[in-house]
Amino acid sequence: TSSPRASELIAQDPLTSPRLWQVREDEEQLTTCTFDDALVVTRDKQGPYRCPGPMDQLTDFSMTVDVRLRSEGACAAMWFRFVKAAGYIVRICPEGFYVGTHGVDDGTTVRVLRTMAFATPIPLDTPTRVGVSMQGTTITLERDGQQIGTVDDETFAEGRVVLGIYPETPDHQPPFTVAFNDV
């Protein structure tokens, strides 16, 4: 199967209530994916967590989403071309984007392919429009409509898009909270 043409809208969700993304309260992982006029992800420990969303398998796509980093040390995360426990990941942190692979070989390892530092950090609890585009082997990232950088990699060919949290910050203590709107 192939993905729709790049100009074809395949999913749109204000993320203000369960629709394409769903509520999850994971007591074992100390994480919740809930709705409060946004998809709010709260994690009471370090490490990544993915919220349940659409299962569409995409190859080439472009997507934008409003992200708010609502607590110190919180980084939002977007996985794409993600199948089972492996795919690409972009961590959206106050100081920049971290683009990498997640789960190659062992299902857990994150390998950063490129760090894209911001000229000015993302302020706490301030909406920032994040764009991710995947065309062939090229990943392009944008912040508020401005291209931040690109990465070329051919590890993954297709998979789904996932939203979540990845607070890998030893300097800060949980809980960590991020919010998403208007995907």
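Predicted model: local features only at pLDDT ≥ 70, side-chain atom pairs only at ≥ 80, totals over all residues.
**View 1. Asp60, partly exposed at 29% relative accessibility, and its salt bridge with Arg81.** Here buried means under 20% relative accessible area, exposed over 50%, and partly exposed in between (1.4 Å probe, protein chains only). The closest N and O atoms of Arg81 and Asp60 are 3.0 Å apart; a salt bridge needs a side-chain nitrogen of Lys or Arg within 4 Å of a carboxyl oxygen of Asp or Glu. Arg81 sits in strand 6 (residues 76–83) and Asp60 in the loop between strand 4 (49–50) and strand 5 (61–69), so the contact ties together parts 21 residues apart in sequence. Strands are DSSP runs of E, at least two residues long, numbered from the N terminus. Residues are numbered from 1 along each chain as its sequence is written, and side-chain values use heavy atoms, leaving out hydrogens and water.

**View 2. Arg129 and Asp66, joined by another salt bridge.** Their closest N and O atoms lie 3.1 Å apart. Arg129 belongs to strand 10 and Asp66 to strand 5, so this one ties together parts 63 residues apart in sequence. Arg129 is partly exposed, at 27%.

**View 3. Arg70 meets Asp125 in a salt bridge.** The closest N and O atoms are 3.8 Å apart. Two loops are involved: Arg70 comes from the one between strand 5 and strand 6, Asp125 from the one between strand 9 and strand 10, so the pair ties together parts 55 residues apart in sequence. Salt bridges with shared partners also bring in Arg68, making one network of Arg68, Arg70 and Asp125.

**View 4. Phe97 and Phe118, an edge-to-face aromatic pair.** Rings of Phe, Tyr and Trp (its six-membered ring) pair if their centres lie within 6.5 Å; planes under 30 degrees apart are stacked, over 60 edge-to-face, the rest tilted. This pair comes in at 4.9 Å centre to centre, with 80° between the planes. Phe97 is buried at 0%, and Phe118 is buried too, at 10%. The charged end of Arg143 sits over the Phe118 ring, 4.6 Å from its centre (the rule: NZ of Lys or CZ of Arg within 6 Å of the ring centre and within 35 degrees of the ring normal).

Terms used
Helix = DSSP H or I, 4+ residues; strand = E, 2+ residues; numbered from the N terminus.
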